[in-house]
Every structure is written in structure tokens, then in C-alpha cells.
Amino acid sequence: MKKLAALFLVICMAVSVIGCGPSKSSQGTGNSDYRVAMITDSGDITDQSFNQTTYEACLEYCTENNIDFTYKKPDGDTDYARIAMIDVAVAEGYNIIVMPGYIFAPALVEVTYKYPDVKFIALDMTAGDIIAAAVGNKYYENPDAYEASDYYNVENTYCAVYQEEIPGYMAGYAAVKLGYRKLGFLGGQAVPAVMRYGFGYVQGINDAAKELGITDQIEVEYAYGGQFYGSTEVTAAMDTWYSQGTEIVFACGGGIFTSAAEAASKVGGKMIGVDSDQSPIIDAYGEGMTVTSAMKGLGATVKAMLDSIIVTNTWEEHVGKIENLGLVSGTDMDVNYVGLPEDTTQWNENFTVDDYHELVRKIYDGEITIDNSTEKMPEVSVKVNERQGSIM
């Protein structure tokens, strides 16, 4: 009965989508072999974050290549709702499914074997995300006992993760070069991706300070909130940071940035965004609040993977892999999978776009090395006030 009920719900949702009118954003006629559907996590395509970045990349690519494209928004923030929307998209004939974010890991485990003829592109999803979705908390007790490939279909699925330490480094380096001396890092939880952002940030701060000969002038507040959302308690902690002289905070971990933004708005403080160009969201709390953002190139990933399927026929080189993406060029910023937003970063005479390009080149060429370890705080010359445990 439960299976019948689930099937009935999927059919109803499909009928609902069709009944409400066309959901397609790009009605292509040039390539009838492929149809692309993007599933939002639970938010909308105007979230100015993962959903919007992924949607716009899919739409642009499919429009340029005359590919049929649509997006589906789940009716709730549940695995069941996300899986139902994938079911609907496949039932409507879409055979490339794009999923932005680790929150899709349970769906990936569920649907990739169910639909062997569909190609799945999962963004920012680690092996650990997949295993934990499949086996639960026991994964964390002995991570080495499991292989992600045992829990999803490697014949039709591609996953991308990102080298967070690189954009974290860039953001910290840029902040010091731009003139900030009292900096902060507010992480959500002490999970590897957040830690790589934070430890990269500290390394970038340190290297810029060394170049300027001002390591004795730099101080970094460093803490985790223990959650991926803002709260009155975290806001109160951020109030303390800003009132005691912190000039800029890199807030990294879902909605926890709202607490830093609320605190910054009271004193004219500054922030660094994460994952995507967050300036439209953060600047709603105060004009010009966002100095830069440490970004993952979801858009570049989408276009490269769609190209591998539709144009270059190189999908077999990527399928079944969980690729760790970073810099692929020292000169072409558009093809890199990590970086800073050139249009919205608040450049000045001390750190220009050209200076940023030179920084990218040095990292790409290996002149600058960034430690990606998460075992302990990097050894640096600047002062880091690392709070043990969560900030609350």
C-alpha cells in the first residue's frame, strides 16, 4: 500500500506540474537526444546562491545549444520531496538531472540505480555525504570501512567537490591587502569543507601580512557556531567581535551568515561571502557590506559536464568519479572552479584585479602552496584566537 501511495503521489505531482502550464525555461529544438532538468534543494532559483547559480548555468548552456531545459522545485525540504521531483522529471522524459548540494546525497543513493539510462550530475557532494546517506551515523564511527561506490550507480553519475582551501586563501589574502587588520572567521560546524575554507583563509591572511611586513598588526578571531543557521546567541557573539574591533568576518556555513550580517549592520562592519557571490544577499543588511566572496564554480562545473555529454563526448572520462575541482588555468579565470567574483569584489589601489590575476597564476603554477589538511590550525605568524568547541 505504501508503494502504491508513493506512486500515486508522484503521478499526481506530475499531473500538477503539467496542469499548471509549461515548466520549461528553454524549449530547444536543436538536440533532441538530451533534455536537462535541474532540481532545486528546497529553495527557489532566485536564492542568489547554489540554486540560482546552477539554474542560470543550465539555462544559459541549454539556450545556447538548443537543449530542452526545465527546473523542478520540491514541495518541501525533505529527501522524499526531492526524490519525487526527480521522479517527475524522469517521467517527463528528462535524461540529464542536475542536483546542487550535498543535501541530495540520499536522493542520489535512491535514484541512480532506479534510472540507469539517466545521467546525474551532483554538485558539491563528497564520498562521505553519500556513505552517510546510505548507512547513517555508523559511517562516522569508522569512515575507512566504507566505499562510496558501493552505494550509488557509478555507471551514470558524476560528483564534484571543490578545493575550498584555495578560495578561502584568496579571500584572506585579499582582505589583508585591501587594508583589513582585525579579521574573523565564523564557521557553521567543524566539518572538513568548512575547515578547509577557514584554514585556507588563515593561510592567506598570514602570507599577505608577511609580504607587507605587518604580521604583528594582524589578529584573527576564529570560531564555529555549531550549526548552519543564524541565532540570537551567534548574533550576540558577533556583536562582541565587531564591538571589540573586528573589521571583517568570513561567515562560512549555510544560513549562519545572517548572524554576522545582523551584527555587522549595527556598526558598519564588513563581511566575506562563501560558495557563491553572496553580495546581493549580504548587502541587503547594509550597502557595500560584502568585500568579496570565496566562490565555488558551480556554473563552470555545470557547463563543463553538459559539454562532456552533449558536445565533446567525453562523459566517460568523468562518470563514476568524485572529482576534486580547483584551478585549471593560471590565466583564464572563467574556466576555474574556485575564485573570487571580479565584478563585486571591492578592489582598491592596494589590491587590484590584476593583482588578483597574479595571485591566481602563482597558485596555479605552484609558487604558492596551500595546505588542505584539516587536522589542526595551520602554523602562522599572525595572532589567531581560536575558540575551542562551538561559539555558544
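This is a predicted model: local features need pLDDT of at least 70, side-chain atom pairs count only at pLDDT 80 or more; totals for chains, interfaces and linings use all residues.
Local features were taken only at pLDDT of at least 70 and side-chain atom pairs only at pLDDT 80 or more, whereas totals for chains, interfaces and linings use all residues. Residues are numbered from 1 along each chain as its sequence is written, and side-chain values use heavy atoms, with hydrogens and water left out.

In soluble globular proteins, nonpolar side chains tend to be buried together. A nonpolar core is here a set of buried Ala, Val, Leu, Ile, Met, Phe, Trp, Tyr and Cys residues joined through side-chain atoms within 4.5 Å; buried means under 20% relative accessible area, exposed over 50%, and partly exposed in between (1.4 Å probe, protein chains only). The largest core contains 76 residues, and Ile121, Met170, Leu183, Phe185, Ile218, Phe250 and Ile363 have the most contacts inside it. Helix H8 (residues 192-212) contributes the most to this core, nine residues. Helices (H or I, at least four residues) and strands (E, at least two) are DSSP runs numbered from the N terminus. Beyond its neighbours within four places in sequence, Phe185 is in contact (heavy atoms within 4.5 Å) with residues including Val194, Tyr197, Tyr201, Trp241 and Phe250.

Pockets were located on a 1 Å grid over the protein atoms alone: a pocket is an open set of points where a 1.4 Å probe fits, with protein on both sides within 12 Å along at least five of seven lines, and lining residues have an atom within 4 Å of a point. Grid points are joined across faces, edges and corners, and a volume is the space filled by probe spheres set on the points. The largest pocket holds about 1,400 Å³. Its lining comprises 48 residues, with Tyr102, Ile103, Asp124, Phe228 and Asp275 nearest the centre. H8 supplies the most to this lining, five residues. The second largest pocket has a volume of about 840 Å³.

A disulfide is a covalent bond between the sulfur atoms of two cysteines; the criterion was a pair of cysteine sulfur atoms within 2.5 Å. Zero disulfides were found in the whole structure. For Cys58, the nearest cysteine sulfur is that of Cys62, 6.1 Å away. Cys58 is buried, at 0% relative accessible area, and Cys62 is also buried, at 0%.
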